[in-house]
Amino acid sequence: MNNGLSNSTTNINTTKVTKHIWKAGVAIAVIIIGWQIFYTIDEGHVGIVKRFGEATTQVNPGLHTKVPFADTVEELEIRTRKNSENLKASTYEQMPVTAEVSVNWTVIRPEAFELYKNYGGLDQFENRILDPRLRSATKDALARFKAEKIIQNRGQVIQKIEETLLSEMIDFPVKLDSVQIENLVLPAKYLQSIETKQTEKNLAAAEMHRLERQKLEAQREVNTAEAKRDAEKARADGSAYAITTEAKAEAEAIKLKGLAEAESMMKKAESLKNSELLVDYVKAQQWDGKLPSTVMGNGQDILWNMKEK
């Protein structure tokens with residue numbers, strides 16, 4: 001009897017365990033299937049859905065579903081990326097130069113699927129398409145300029161690189177933002193010669209500035225002398241004018257005085273001519289109070305002495 005109960009209890013426990021295991025397996029399978037069905041794409045990326053390894057469609061950021069065990073998803077970045085290249089090139093005069101050049105570029109969102117299908121991803125696109133063209137455009141641009149020009153105006157070199165690179169990348173599903181030459185190394189001897197030449201230019205410019213300053217100072221002294229001369233001349237002219245004016249005024253006064261005296265004398269003469277009494281008056285004014293010492297008789301030729309003896 002006891003052995004029968006034990007066997008029955010063992011069978012019941014085994015059945016329960018089996019049921020629990022089956023339920024756990026089903027739950028795990030559901031979780032796995034759910035994990036396979038749902039997926040998300042982050043911002044700044046797009047999803048490339050592949051079914052059995054073949055790219056079939058492109059999806060945007062967010063939550064999506066797929067066919068479990070058949071579909072896989074790869075994310076493709078569509079934010080701006082920076083690609084740098086270190087290269088050796090030559091200038092217009094065949095001077096060796098080492099440069100580090102970079103370009104910012106972005107995958108065009110609607111055309112990301114075509115880029116993935118044709119090149120297998122961003123790394124493949126950079127290695128096979130972008131990098132070789134960036135190196136070629138940089139070498140071509142550097143070879144068009146002399147070393148001194150490259151140092152003085154790097155912007156022109158960058159502009160030429162951008163023009164060439166844009167022309168060669170126009171048919172690809174990317175947008176180029178900007179090119180930069182981040183490091184440029186020329187031979188040390190050439191850099192020294194450039195520094196010496198620049199020093200000489202600076203000295204020449206300083207000497208020219210000194211000469212110009214001397215010239216300005218000399219001109220200022222000339223202007224000062226001329227101004228002083230003009231002032232002296234103006235003062236002399238003023239004095240001469242004053243003297244001339246004063247002389248003219250004095251001459252005019254003398255003239256007027258003479259005319260007045262002449263007119264007075266003429267009037268007196270006219271008056272004397274017309275009035276014997278006035279003649280006697282004038283004689284009386286001019287008499288000094290003394291009687292004449294000699295007189296002549298009327299009709300006589302004898303001169304009498306009237307003085308007392």
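Reply: Happy to. Helices (H or I, at least four residues) and strands (E, at least two) are taken as DSSP runs, numbered from the N terminus. On that basis the protein chain has 7 helices and 10 strands. Please keep in mind that this is a predicted model, in which local features need pLDDT of at least 70 and side-chain atom pairs count only at pLDDT 80 or more, while totals for chains, interfaces and linings use all residues. Residues are numbered from 1 along each chain as its sequence is written, and side-chain values use heavy atoms, with hydrogens and water left out.

Now to the sheet itself. Strands count as paired if DSSP finds at least two bridges between them. By that rule, 3 strands make up an open sheet, ordered 6-7-8, with antiparallel pairing. Strand 6 (81-90) and strand 8 (174-185) are at the edges with a single partner strand each, so one side of each has no neighbour in the sheet. On average, neighbouring strands here are turned by 25° against each other, direction ignored; the axes behind such angles are lines fitted to C-alpha atoms (for helices over the stretch in contact), and angles run from 0 to 180 degrees between N-to-C directions.

Let us follow the pairings one by one. Strand 6 and strand 7 are joined antiparallel by 10 bridges, and Asn83 sits opposite Val103 in strand 7. These two strands form a hairpin with 5 residues between them, and in its turn Gln94 has a positive phi of about 65°. On to the other pairing: strand 7 (residues 96-107) and strand 8 are antiparallel too, joined by 10 bridges. There, Ala99 faces Leu184 in strand 8.

What lies across this sheet? Helix 3 (residues 122-142) lies across strand 6, strand 7 and strand 8, and runs at about 40° to strand 6. Apart from its neighbours within four places in sequence, Phe125 is in contact (heavy atoms within 4.5 Å) with Trp105, Leu115, Tyr119, Leu130, Met169, Phe172 and Val174.

Phe125 also leads us into the core. A nonpolar core here is a set of buried Ala, Val, Leu, Ile, Met, Phe, Trp, Tyr and Cys residues joined through side-chain atoms within 4.5 Å; buried means under 20% relative accessible area, exposed over 50% and partly exposed in between (1.4 Å probe, protein chains only). The largest such core has 43 residues, and Trp105, Phe125, Val157, Leu165 and Met169 have the most contacts inside it. At least two of its residues come from each of strand 2 (45-51), strand 6, strand 7, helix 2 (112-119), helix 3, helix 4 (147-152), helix 5 (154-168) and strand 8. Helix 3 gives the largest share, 8 residues. The core draws at least three residues from each of domain 1 (19-75) and domain 2 (78-186), with bounds from an automatic or database domain assignment.

Strand 2, another contributor to this core, has 6 of its 7 residues buried. Strand 2 pairs antiparallel with strand 5 (residues 71-77) over 7 bridges, where Val49 is opposite Val73. Strand 2 is also antiparallel to strand 3 (residues 54-59), through 5 bridges, and Gly47 has Val59 as its bridge partner there. The hairpin of strand 2 and strand 3 has 2 residues between the strands, and Phe52 takes a positive phi near 55°.
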